[in-house]
Amino acid sequence: MTTNVGIVGFRGYSGMELERILTAHSGVTPWLLEHRADSTQEPQPIGHSGPPRIPCTAEAASDAGIQIVFLATPPEVSMELAAAFVSAGIRVVDLSGAFRLVTPENYKHWYKSDHTQPELLREAVYGLPEFNRAAVPQARLLSNPGCYPTAANLALRPLVQAGVIDLTRGIVCDAKSGVSGAGRKASLKTAFSEVTENFSAYSLLDHRHVPEVLMNSAIQEEDFSFTAQLIPIHRGILETIYFRAKGVTTSAELLDVYVNAYRNEPFVRLYPAGAVPDLRGVNRTNFCDIGVRLDSKTGRAVVVSCIDNLGKGAAGQAIQNMNLMLGFNETEGLL
Ligand SMILES: NC(=O)C1=CN([C@@H]2O[C@H](COP(=O)(O)OP(=O)(O)OC[C@H]3O[C@@H](n4cnc5c(N)ncnc54)[C@H](OP(=O)(O)O)[C@@H]3O)[C@@H](O)[C@H]2O)C=CC1
Ligand SMILES: CC(=O)N[C@@H](CCC(=O)OP(=O)(O)O)C(=O)O
């Protein structure tokens, strides 16, 4: 007997990745929730029509016995759908930024539009299991973290908590993302000729993922500089994080902070002191790979944190959260 789960936004990049992983998951059966019948119907190979499709309504999902719905949709769409599903007693895992920022004012400031579901926003559980695993199983509305913040928070929070960053000298997070991070919808920014053999920075000083890093790693805005950049690859996020160390003098000591924090974490992999991970190592996985180097003479430190934006940055992490919500082994379907 498997549990029925639904995917809205299954034609998008995160939705497709959800379908791919959930199809191979031993405990669930995915259903596709069709939000509009006029969307392009992509041809299916003969004999491989994929999961069943039903209309994207709470009623149809209830009739199909769906327990959890994944929303791989833009934030304004997620807000409305989350309200409808939650009030029908169907749990939601939302992949958008709609429910990550705690207050409607903060949401409006960074996402430039009003929040239409302030009560649900208060109730939502932020699902970065490495930091708040205990709250995830009971969530009715699970807010899946953003891609850049996942890589940044997994790298920064243990170091801030251990007090080994000299915050008075600032942190610089130089972040690079593959083009799938911008979604599948056609745009000039992501057109092949704009992206290929190119490399560009965007959203300088006001990227909407900044507050998500600050609130989860207890860093002040004035101490954190973040720049998002687009690199000509399909998937992957690599963040190079620079700071001055405090109270530790070797790469091994800095690495030890991570070893202690992530000893029992199945999805955070640490590289030996001085060695660094790369994007190929995390491609199509739910891992976050971290490497560190500290210059003993000057105290300058560099951390490299890598994820697949569609894996640990979106669908993989959403399924890790689903596993906790449904009482499965946390790694089911993901290793
Ligand atoms: N891409 C990434 O790396 C990450 C994305 N996210 C977030 O996850 C969400 C999905 O992202 P991504 O997969 O990249 O986006 P895509 O642009 O690839 O896909 C968006 C999906 O949303 C659907 N959609 C659009 N409008 C509506 C609507 N009015 N009602 C219902 N469905 C709608 C689209 O359907 P159709 O195709 O039929 O138009 C499409 O399937 C976004 O909020 C994004 O910010 C979060 C972390 C990482
Ligand atoms: C390369 C690229 O454009 N990446 C996107 C990732 C943001 C994203 O997915 O946004 P939410 O999860 O917060 O909705 C961006 O920088 O806006």
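Author: Let's start with one pair of strands. E13 and E14 are joined by 6 bridges and pair in the antiparallel sense. Keep in mind that this is a predicted model.

Reader: Which strand joins E13 in a parallel way?

Author: That's strand E12 (residues 268-270), which runs parallel to E13 and is joined to it by 3 bridges. Here you can look for leucine 270, whose bridge partner in E13 is isoleucine 290.

Reader: How do side chains point along a strand like that?

Author: As a general idea, side chains in a regular strand alternate between the two faces of the sheet.

Reader: And how many residues of strand E13 are buried?

Author: For burial, you count C-beta neighbours within 10 Å, and 20 or more makes a residue buried. In strand E13 (residues 288-294), 6 of the 7 residues are buried, so the strand is largely enclosed by the rest of the structure.

Reader: What about arginine 300, is it buried or partly exposed?

Author: Arginine 300 has 14 C-beta neighbours inside 10 Å, so it counts as partly exposed. You'll find arginine 300 in strand E14 (residues 300-307). If you skip the neighbours within four places in sequence, arginine 300 is in contact with Arg244 and Asp295.

Reader: Let's look at the open sheet. What is the order of its strands?

Author: For a sheet, you read the strands by who sits beside whom. This open sheet has 7 strands in the order E3-E2-E1-E4-E5-E7-E6, with parallel pairing. Strand E3 (53-55) and strand E6 (125-126) are the edge strands, each pairing on one side only. Inside the sheet, strand E5 (residues 91-94) and strand E7 (residues 141-143) run parallel and are joined by 3 bridges. One of the details to check is valine 93, whose bridge partner in E7 is leucine 142.

Reader: Can we zoom out now? How many helices and strands does the protein have?

Author: The tally is 11 helices and 14 strands. The radius of gyration is 20 Å, close to the 20 Å that the globule rule gives for 335 residues, so the protein is as compact as a globular protein of that length. Its C-alpha trace spans about 65 × 45 × 40 Å along the principal axes. Buried residues make up 45% of the 335 residues. Now take the contacts between residues at least 6 apart in sequence: 69% of them join residues at least 24 apart.

Reader: Where are the domains?

Author: A domain can be made of separate stretches of the chain, and you can see that in the assignment: domain 1 is 3-145 + 313-326, and domain 2 is 148-309. Their C-alpha centres lie 25 Å apart. Across the boundary, 18 residues of domain 1 are in contact with 21 residues of domain 2. On the domain 1 side, the elements giving two or more residues are helix H4 (104-111), helix H6 (129-132) and H11. The largest share, 5 residues, comes from H11. By class, that side divides into 9 nonpolar, 7 polar and 2 charged residues.

Reader: Last topic, the ligands. How many residues surround ligand 1?

Author: There are 27, and the closest are Gly12, Ser14, Ser96, Gly183 and Arg184. Helix H1 (13-23), helix H3 (75-87) and helix H11 (311-326) each supply at least two residues of that shell, and H1 gives the most, with 3 residues. By class, the shell around ligand 1 has 10 nonpolar, 14 polar and 3 charged residues. Domain 1 and domain 2 each provide at least three residues of the ligand 1 shell.

Reader: And which residues surround ligand 2?

Author: Among them are Pro75, Ser96, Cys147, Arg208 and His209. The shell around ligand 2 has 5 nonpolar, 6 polar and 1 charged residues. It draws at least three residues from each of domain 1 and domain 2.

Key:
Residues numbered from 1 in each chain as written. Chains lettered and ligands numbered in written order. Predicted model: local features only at pLDDT ≥ 70, side-chain atom pairs only at ≥ 80, totals over all residues. Helix = DSSP H or I, 4+ residues; strand = E, 2+ residues; numbered from the N terminus. Rg over C-alpha atoms; globule rule 2.2 N^0.38 Å. Buried ≥ 20, exposed ≤ 12 C-beta atoms within 10 Å, placed from the backbone. Contact = placed C-beta atoms within 7 Å. Near = placed C-beta within 6 Å. Nonpolar A, V, L, I, M, F, W, Y, C, P; charged D, E, K, R; others polar. Domains from an automatic or database assignment. Pairing = 2+ DSSP bridges.
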